[in-house]
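Subject: Structure handover

Hello,

Here is the structure you asked to look at, with its sequence. Please open it first, and then read the notes below.

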Amino acid sequence: MALNSATWRPHSGFSRNLKTTDAVFRSKFCRRVKFLSDTKPASLISDHSQKSASRGVSVKERRCASSSSSASVAQSLEINVKSVPTTPFEGQKTGTSGLRKKVKVFTQENYLANWIQALFNSLPEEDYKNGVLVLGGDGRYFNREAAQIIIKIAAGNGVAKILVGKDAIMSTPAVSAVIRKRKAIFISLMFFTYRANGGFIMSASHNPGGPDYDWGIKFNYSSGQPAPESITDKIYGNTLSISEIKLAEIPDVDLSQLGRVDYGAFSVEVVDPITDYLELMENVFDFSLIKSLLSRADFRFVFDAMHAVTGAYASPIFVDKLGASPDSISNGVPLEDFGHGHPDPNLTYAKDLVDVLFGENAPDFGAASDGDGDRNMILGSKFFVTPSDSVAVIAANAKEAIPYFSSGPKGLARSMPTSGALDRVAEKLNLPFYEVPTGWKFFGNLMDAGKLSICGEESFGTGSDHIREKDGIWAVLAWLSIIAFKNKDKKPGEKLVSVSDVVVEHWATYGRNFFCRYDYEVSVLSECESEGANKMMQYLREVAATRKKGDKYGNYALEFADDFTYTDPV
């Protein structure tokens, strides 16, 4: 057994106060913790149950009476980095948003570790050496164990600091927000300056969670956007030739406690996953306006968190800040298996919410979000808002209803499969418009170039340039802002403008687009064969090539049918 020393410091807002000195901060409160651990880990994957940092650990704690006595607390032994031999796994190529596989695939020894090390092998050293990386996830099964693996490999590769959400929870939009906020100047206790260079998101998005279901990992870059193809292609290439993993020999971090622990020059800070994101939302929206709506006796609001990550955000935002009733939040506790549900906010998997909104005495407004908090569904009383209409309505009303857009949107964009409702808004408002492939990284590139403000996908994803991810709670707050703005002068007893009123008025102004999406379910124990899908796509290409503008299909005439291609305007 070998002795590793570490320093634990409770979470503090010191980094926001540049006048706070190292000595003053340390003199207030600090602990010294010594960890006894085996320096030769048997495996990079631990048992599923989260092991407390204090189990099998000798802990000594004392209050620091002065800055002089606390000076020694900062000193700790340098960490050892072990080279772990490994061999490549097939099939570690990322899709549109990270690497997703079954949990049983990721829990193979070194499977996750290989991908994480391949990522570090793919990045320029200046993008992570002595830098800060953010780590969060949607709360699904295997996240806690995966977080420990990621932390140790990050330390082994020279990362200076990991910011991780409490209990390894942080929504995808919040990770993007934290990266963007903290990529400015980050102040450590020794006043070295760091910037947040990117972050890891542990999520399989809207897919089910649990031992027999899905897990995923992706990396977001320095603007908070999903890593570009230039990086993901390098990662895949390196997974094919990887031979060693650089692993820091440090104990597991107790992710249930807010605070900071140091191991030599490396530190891990467990942070509140809500604070930075909530602060951003307050800067984007007029919370007093929204609160005036949610506090009305004649307006009823419900939100279904689907036992996913937004359950951690729903009560602090909608109840504590905006005054909604506590019973307006359903399925508000994040669970590793999402309560045996499928955390996809649509008419099929959010059926309980749909039944409420289409039932007797229905609420005025309902919404749901998905596993990692980046998707949304909007409902009114007996009314469903399609994702394509939702982003168009937000864009059409953003300037007057949302302070962040008080100067008007810079531009609008949608993914190729999304209906043309947003196109109509861009044309009428004389705004630049872009049609991009599926994948939020294509929107992020336009945002970084200052060309895009509001965008959306037909797969229930909506967002803006406040971050570089789609954002479920942002979309809900945008809709509440629009409803609140249109009812701000309504007196008690007067009929309120409803969700359906807003959409019908939008159709009357801009026209209406119709849209159909077909989802094909695949057994959890099997994978979809690509041969049939490729044949279908080839058939569609052949059909499109023989059709021309003006061809009649019943009462409809063809405008165009093409095989979509994209050239990035940036």
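Is Asp212 buried, partly exposed or exposed? Asp212 counts as partly exposed, because its relative accessibility is 40%. Please keep in mind while reading that this is a predicted model.

Overall picture

The protein has 570 residues, and 53% of them are buried. Its chain forms 17 helices and 24 strands. Of the contacts with a separation of 6 or more, 75% are between residues 24 or more positions apart. The accessible surface is about 25,100 Å², and carbon and sulfur atoms account for 51% of that area.

Salt bridges

The count of salt bridges is 31. Asp212 takes part in one of them, with the side chain of Lys104, at 3.0 Å from N to O. Asp212 sits in the loop between β9 and β10, while Lys104 belongs to helix α3, so this pair ties together parts that are 108 residues apart in sequence. Lys104 has a relative accessible area of 57% and is therefore exposed.

A second salt bridge joins the side chains of Glu269 and Lys161, with 2.8 Å from N to O. Glu269 is in strand β13 and Lys161 is in strand β6, so here too the parts tied together are 108 residues apart in sequence. Both Glu269 and Lys161 are buried.

How many residues does α15 have? The helix has 15 residues, and from its first C-alpha to its last it reaches 22 Å. That is close to the 21 Å expected at 1.5 Å a residue. In α15, 13 of the 15 residues are buried, so the helix is largely enclosed by the rest of the structure. At the start of α15, a side-chain oxygen of Asp471 comes to within 3.4 Å of the backbone nitrogen of Ile473.

Ser464 in strand β22

Ser464 lies in strand β22. Its relative accessibility is 0%, so Ser464 counts as buried. What does the side chain of Ser464 join in a polar contact? The partner is the side chain of His466, and the contact is 2.7 Å. Leaving aside residues up to four places away in sequence, Ser464 touches Tyr404, Phe405, Met447, Ser453, Ile454 and Trp474.

Which residues make the nonpolar surface patch of about 400 Å²? The patch is made by Met536, Met537, Tyr539 and Leu540. Met537 lies in helix α17, which covers residues 530-546. With a relative accessibility of 35%, Met537 counts as partly exposed. As background, an α-helix has 3.6 residues a turn, so residues three or four places apart point the same way.

Regards

Note on methods:
Residues are numbered from 1 along each chain as its sequence is written. This is a predicted model: local features need pLDDT of at least 70, side-chain atom pairs count only at pLDDT 80 or more; totals for chains, interfaces and linings use all residues. Side-chain values use heavy atoms; hydrogens and water are left out. A salt bridge is a side-chain nitrogen of Lys or Arg within 4 Å of a carboxyl oxygen of Asp or Glu. Helices (H or I, at least four residues) and strands (E, at least two) are DSSP runs, numbered from the N terminus. Buried means under 20% relative accessible area, exposed over 50%, partly exposed in between (1.4 Å probe, protein chains only). Patches are made of residues with over 30% relative accessible area and no salt bridge: like charges are joined within 9 Å, nonpolar side chains (Val, Leu, Ile, Met, Phe, Trp, Tyr) within 5 Å. Accessible areas come from the Shrake-Rupley method with a 1.4 Å probe; for residues, only the protein chains shown count as cover. The expected span of a helix is 1.5 Å times one less than its number of residues. A polar contact is a pair of N or O atoms within 3.5 Å; within protein, one must be able to donate a hydrogen and the other to accept it, and residues adjacent in sequence count only if both atoms are side-chain atoms. Contact means heavy atoms within 4.5 Å.
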